[in-house]
Amino acid sequence: MLAIIGGTGLDQLGNLKITHRQVIRTPYGEPSGALTFGTINQHEVMFLARHGYGHTIPPHEVNYRANLWALYEQGAKRVIAVASVGGIRSDLVPGTLVVPDQVIDYTHGRPFTYFDGRERLVTHVDFTEPYTRELRQQILTAAGLANEKCVDGGVYAATQGPRLETAAEINRLERDGADMVGMTGMPEASLARELSLSYATIAVVVNHAAGRGNSRNRVDLGTISTIAEPAMARVRSILGRVVESDGN
Ligand code: HPA
């Protein structure tokens with residue numbers, strides 16, 4: 001089944017016909033909320049709001065392990081994460097949708113692995129390509145069918161938050177090769193890999209990163225929702241097509 005993790009601006013899916021909600025407990029604690037089960041265009045999906053349904057959980061306090069575990073245990077095979085980001089690369093202006101192909105992890109202090117040696121043997125996973133190639137392609141194809149422009153590829157820098165970055169930090173991220181910056185991309189992606197789930201992200205650029213474009217002097221948080229709302233409607237339309245693609 002396809003699972004969707006919604007981020008800021010997407011704590012529900014308008015095109016989801018809800019059949020039931022289920023509270024899941026995991027060996028890693030509680031997920032961000034009950035899993036929502038339903039159908040989009042007659043295809044079964046499950047949905048989880050990463051920050052909780054009332055958007056109460058900040059990025060560094062999200063229980064990523066419980067979230068991914070709950071989806072895995074309920075039979076998810078593919079996970080599409082929706083995440084809002086700040087644009088660093090000059091073409092990634094607010095309103096742009098991107099399917100990143102790489103990630104750099106700057107987070108710290110978050111429980112980040114299932115292989116902590118207690119319940120499972122220490123195992124190393126390959127993470128050369130952090131996002132599943134086939135799932136990325138399915139999203140890009142779906143975007144084409146939905147007539148929604150979606151940038152193919154880019155490096156996602158995952159920062160700790162909850163504060164935004166300084167302009168100097170954004171300059172450093174750019175020197176490192178990052179194209180966009182968000183706070184939730186890791187350890188979500190690597191936990192999905194540890195569970196052998198297909199995983200890809202639709203990143204929604206909701207602001208210029210600090211020191212860039214109209215965020216030269218400050219990031220205007222007030223405008224983020226006016227950018228995010230229409231962009232999330234486009235994401236929903238892409239997801240409506242993804243569910244029709246192969247995979248379970
Ligand atoms: N920085 C980090 N995370 C973000 C941003 C940003 O500028 N915008 C949305 N999420």
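Where in the chain is the place of N41? N41 sits in the loop between strand 3 and strand 4, where helices (H or I, at least four residues) and strands (E, at least two) are DSSP runs numbered from the N terminus. The structure described here is a predicted model, in which local features need pLDDT of at least 70, side-chain atom pairs count only at pLDDT 80 or more, and totals for chains, interfaces and linings use all residues. Residues are numbered from 1 along each chain as its sequence is written, and side-chain values use heavy atoms, with hydrogens and water left out.

**Overall build**

- The protein contains five helices and eleven strands.
- Its radius of gyration is 17 Å, close to the 18 Å that the globule rule gives for 248 residues, so the protein is as compact as a globular protein of that length; the radius is taken over C-alpha atoms, and the rule is 2.2 Å times the number of residues to the power 0.38.
- The C-alpha trace spans about 45 × 45 × 35 Å along the principal axes of the protein.
- Of the 248 residues, 54% count as buried, a term that means under 20% relative accessible area, while exposed means over 50% and partly exposed lies in between (1.4 Å probe, protein chains only).
- Among contacts between residues at least 6 apart in sequence, 80% join residues at least 24 apart, with contact meaning heavy atoms within 4.5 Å.

**Helix 2 against helix 5**

- Helix 2 (residues 133–145) packs with helix 5 (residues 224–242) at an angle of about 110 degrees, and their axes are 8 Å apart; axes are lines fitted to C-alpha atoms, for helices over the stretch in contact, and angles run from 0 to 180 degrees between N-to-C directions.
- That angle makes helix 2 roughly perpendicular to helix 5, since angles under 35 degrees count as roughly parallel, over 145 as roughly antiparallel, 65 to 115 as roughly perpendicular and the rest as oblique.
- On the helix 2 side the residues Q138, I139, A142, A143 and L145 take part, and they meet I238, R241 and V242 in helix 5.
- By class, this contact of helix 2 with helix 5 has six nonpolar, one polar and one charged residues, where Ala, Val, Leu, Ile, Met, Phe, Trp, Tyr, Cys and Pro count as nonpolar, Asp, Glu, Lys and Arg as charged, and the others, Gly among them, as polar.

**Helix 1 and its surroundings**

- Helix 1 (residues 64–73) is mostly covered, as eight of its ten residues are buried, namely Y64, R65, A66, N67, L68, W69, A70 and L71.
- These buried residues pack against strand 1 (2–6), strand 3 (35–40), strand 4, strand 5 (78–87) and helix 4.
- Just after helix 1, G75 takes a positive phi of about 100 degrees.

**Buried residues and their contacts**

- M46 lies in strand 4 (residues 43–49) and counts as buried at 0% relative accessibility.
- Not counting residues up to four places away in sequence, M46 touches M1, L2, A3, I4, L35, T36, F37, L71, Q74, G75 and A76.
- L10, in the loop between strand 1 and strand 2 (17–22), likewise counts as buried, at 0% relative accessibility.
- Leaving aside neighbours within four places in sequence, L10 is in contact with F47, V82, M232 and R236.
- T184 belongs to the loop between strand 10 (180–182) and helix 4 (188–194) and is buried, with a relative accessible area of 6%.
- Leaving aside neighbours within four places in sequence, the contacts of T184 are R50, H51, P59, Y64, A83, R110 and Y156.

**Backbone features in loops**

- The peptide bond from G161 to P162 is cis, with omega near -5 degrees, and P162 lies in the loop between strand 9 (155–158) and helix 3 (167–176).
- Another cis peptide bond joins M186 and P187, with omega about 5 degrees, and P187 lies in the loop between strand 10 and helix 4.
- N41 has a positive phi of about 50 degrees although it is not a glycine, and N41 is partly exposed, with a relative accessible area of 40%.
- N147, found in the loop between helix 2 and strand 8 (151–152), has a positive phi near 60 degrees in a residue other than glycine, and N147 is exposed, with a relative accessible area of 72%.
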